[in-house]
Amino acid sequence: MNTYEFQGMIPVVDPSAYVHPTAVLIGDVIIGPHCYVGANAVLRGDFGRLMLNAGSNLQDTCVMHGFPNCDTLVDVDGHVGHGAVLHGCRVGRNAMIGMNAVIMDNAVIGEDSIVAALAFVKADMQVPPRSLVAGVPGKVIRELTQQEIDWKSKGTAVYQDLALLSRDTLRPVQPLQAPEPGRGRLSAMADFEPLFRLKRESEQQQG
């Protein structure tokens, strides 16, 4: 991984966490146990402290930063989708930030909440627990169902498993020039489905 000391502050990564080699960690960054940090994520702790608590993930091309003397936190089992930007905010326990969403300074995403992809959560917004937030600017749309919260928790568990698999099996190689005969498919996490498909199946069963 690309880690940089800044003004004497060195990033901290728990031995059980996985940080992709292309991710960049600068200064006051603390990665807790069983976390996953994806490719090309940037955690720039040159102003305020950046923290990923146990079991959380920060996926590919995400950015974390904040103003001086402000902490940016992803709490236990937090889940941050591809390309999201977190700036001086707090993502609560078991909350999920959708792909390419932006969470601004002093915003708090409540426990078990989901922020939809491409949403913009303005500074100081306080999102209640178990809420769905969507739009630009982001607004609380409704309370989440238990099915949605359970699906989110399962997805986070998939990333916790991925941290272990990546640590144990990911390695740089030269690409093949053609697929090998009988090329198989990845079997890990094969039972995790998109939420829309689960909802459709539930509706069909009820109908």
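The entries below go from the sheet to its hairpin, then to single loop residues, and end with a pair of helices.

**Entry 1: ground rules.** I noted that this is a predicted model, in which local features need pLDDT of at least 70 and side-chain atom pairs count only at pLDDT 80 or more, while totals for chains, interfaces and linings use all residues. Residues are numbered from 1 along each chain as its sequence is written, and side-chain values use heavy atoms, with hydrogens and water left out.

**Entry 2: the sheet.** I looked up the strand order and found an open sheet of eight strands, β3-β5-β7-β10-β13-β16-β19-β20, with mixed pairing. Strands here are DSSP runs of E with at least two residues, helices are runs of H or I with at least four, and both are numbered from the N terminus; two strands pair if DSSP finds at least two bridges between them. β3 (18–19) and β20 stand at the edges with a single partner strand each, so one side of each has no neighbour in the sheet.

I then checked some of the pairs. β7 pairs with β10 (residues 79–80) in the parallel sense over two bridges, and Asn57 stands opposite His79 in β10. β16 (residues 114–115) and β19 (residues 131–134) are also paired in the parallel sense, over two bridges, with Val133 in β19 as the bridge partner of Val115.

**Entry 3: the hairpin.** β19 and β20 (residues 139–143) pair in the antiparallel sense over four bridges, and Ser131 stands opposite Glu143 in β20. The two strands form a hairpin with four residues between them, and Gly135 in the turn has a positive phi of about 100°. Pro137 lies in the loop between β19 and β20, and the peptide bond from Val136 to Pro137 is cis, with omega near 0°. I wrote beside this that most peptide bonds are trans and that most residues other than glycine have a negative phi.

**Entry 4: two positive phi values.** Asn40, in the loop between β5 (36–37) and β6, is not a glycine, yet has a positive phi of about 65°. Asn40 is partly exposed at a relative accessible area of 46% (buried means under 20%, exposed over 50%, and partly exposed in between, with a 1.4 Å probe and protein chains only). Arg130, in the loop between β18 (126–127) and β19, has a positive phi near 60° and is partly exposed at 25%.

**Entry 5: Ser56.** Is Ser56 buried or exposed? I found Ser56 in the loop between β6 (42–52) and β7 (57–58), and at 1% relative accessibility it counts as buried. Leaving aside neighbours within four places in sequence, Ser56 is in contact (heavy atoms within 4.5 Å) with residues including His34, Tyr36, Val74 and Asp77.

**Entry 6: the helices.** At what angle do α1 and α2 pack? Helix α1 (residues 146–169) and helix α2 (residues 195–206) pack at about 140°, with their axes 11 Å apart; the axes are lines fitted to C-alpha atoms over the stretch in contact, and angles run from 0 to 180 degrees between N-to-C directions. That makes α1 oblique to α2 (under 35 degrees is roughly parallel, over 145 roughly antiparallel, 65 to 115 roughly perpendicular, and the rest oblique). Gln147, Glu148 and Trp151 of α1 make the contact with Leu195, Leu198, Lys199 and Ser202 of α2.
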